[in-house]
Amino acid sequence: MSINRQLRLARNIREHEAVSLDLFEVTEEAIPTPADGQFLVRTEALGTSPAQRAYLMGSDSRFHPPLKIGEVMRGRGVGRIISSRHEDYREGEVVACSTGWQYYSLQDGDQTRSPVKTLQKIHHPQSPLYLHLGTLGASAFAAYFGLLDIGRPKAGETVVVSAAAGGVGSLVAQIARIKGCRVIGIAGGDEKCAWVRDVVGVDDVVDYKQDNLDQQLADLCPGGIDVYFDNVGGVILDTALKNIGLRGRAVICGLISTEYENTPPPGPRHYYNLIYKRARMEGFFVWDYFEQFAAAEAELTTWYKKGDLISNEKVYHGLEAAPEALQSLFSGIASGIKVIDLDR
Ligand SMILES: NC(=O)c1ccc[n+]([C@@H]2O[C@H](COP(=O)([O-])OP(=O)(O)OC[C@H]3O[C@@H](n4cnc5c(N)ncnc54)[C@H](OP(=O)(O)O)[C@@H]3O)[C@@H](O)[C@H]2O)c1
């Protein structure tokens, strides 16, 4: 591609509106040239995150200023440096960073503008590169640190994970299994539950779209849940808290079921169980672990190469498919980690 194609925000999304190409203007401009202290990245793949919906809403998303109409859609990508005038970043190196939804981006390596570091050098690139947005990237780091540092599972304990057919959740399930835990995945619908059981490989699966989630969890966890890894919040979190075990740990990773409501519903009712069960509920933010990403990537890569960790990216192709990929997080129509391959 000799031109830089981009998706720029054309208007803000409405509550409950599906993410679609209709929200964007497709623009083309000359490929930029790095000035002193800059380098040019050619994006090979884009990742997806529920947090991107906040950019479409025009809200501040807590860590970034609101995305303005006309700006390139914000998002993480992975790519190769194709020219550099920065002494710490060389041509040919691979980086994962905030590329935006475009084929080429200028970077300056400044990690002080945002409260957390996000520009990551990939020291041992694997093929395809989109693995570094999924099984060996940010989704996996969220699963790895959230489960191991906050959840602290011990072999033989029961770990329950919501959105187990999703990116972070499917990796939590696999890491918990590697650590010798009994794993129960929660997912929506027969097809996803079958995928979680047969492909991700959990001990039991619960379909939250059936109306007996509480009974299903109670039956499967008679001694209570030792670690609950929450990706969704809302009713599922509340039901898991009702079934939390003595000294259980609830890891709060995300709340996709309620976060983007204009008026979120009231919080969990069953948090009293944190008292009776001397349990703990703690959130985390993956970027706080930035300095440990390389060590996590090394261990995840070892598991991946041994076949203990399967890669499960759902790959969309081409820049114009990015909105559809993002929407799949909210519609729940696809399993695995959703990435967009821009490789020409
Ligand atoms: N704390 C951190 O640092 C951090 C880092 C990365 C991600 N996250 C959070 O982790 C969570 C997972 O992110 P991801 O990128 O891996 O997304 P994902 O799990 O691949 O996709 C979201 C999944 O959430 C489920 N879902 C959507 N709406 C739902 C609803 N109303 N009720 C119940 N389930 C619903 C769907 O699963 P079903 O089809 O089974 O319904 C969907 O597949 C998100 O909440 C994200 O914000 C947090």
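Which atom of the ligand does a backbone N or O atom of Cys253 lie by, and at what separation?

A: A backbone N or O atom of Cys253 lies 2.9 Å from a nitrogen atom of the ligand. The model is predicted, so local features require pLDDT of at least 70 and side-chain atom pairs count only at pLDDT 80 or more, while totals for chains, interfaces and linings use all residues. Residues are numbered from 1 along each chain as its sequence is written, and side-chain values use heavy atoms, with hydrogens and water left out.

For Asn231, a backbone N or O atom lies 2.9 Å from an oxygen atom of the ligand. For Lys338, a polar side-chain atom lies 3.2 Å from an oxygen atom of the ligand. Taken alone, the ligand exposes 910 Å², of which the protein buries 86%; accessible areas come from the Shrake-Rupley method with a 1.4 Å probe, and for residues only the protein chains shown count as cover.

The ligand is surrounded by 25 residues, where a residue is near a molecule if one of its heavy atoms lies within 4 Å of it. The closest are Gly167, Val168, Lys192, Tyr208 and Val286. By class, this shell has 15 nonpolar, eight polar and two charged residues; Ala, Val, Leu, Ile, Met, Phe, Trp, Tyr, Cys and Pro count as nonpolar, Asp, Glu, Lys and Arg as charged, and the others, Gly among them, as polar.

The shell draws at least three residues from each of domain 1 (4-132 + 311-341) and domain 2 (138-286), with bounds taken from an automatic or database domain assignment. The centres of domain 1 and domain 2, taken over C-alpha atoms, are separated by 28 Å. Their contact (heavy atoms within 4.5 Å) takes 23 residues from domain 1 and 18 residues from domain 2.

Across the interface of domain 1 and domain 2, the rule finds zero salt bridges, a salt bridge being a side-chain nitrogen of Lys or Arg within 4 Å of a carboxyl oxygen of Asp or Glu.

Note on methods: A polar contact is a pair of N or O atoms within 3.5 Å; within protein, one must be able to donate a hydrogen and the other to accept it, and residues adjacent in sequence count only if both atoms are side-chain atoms.
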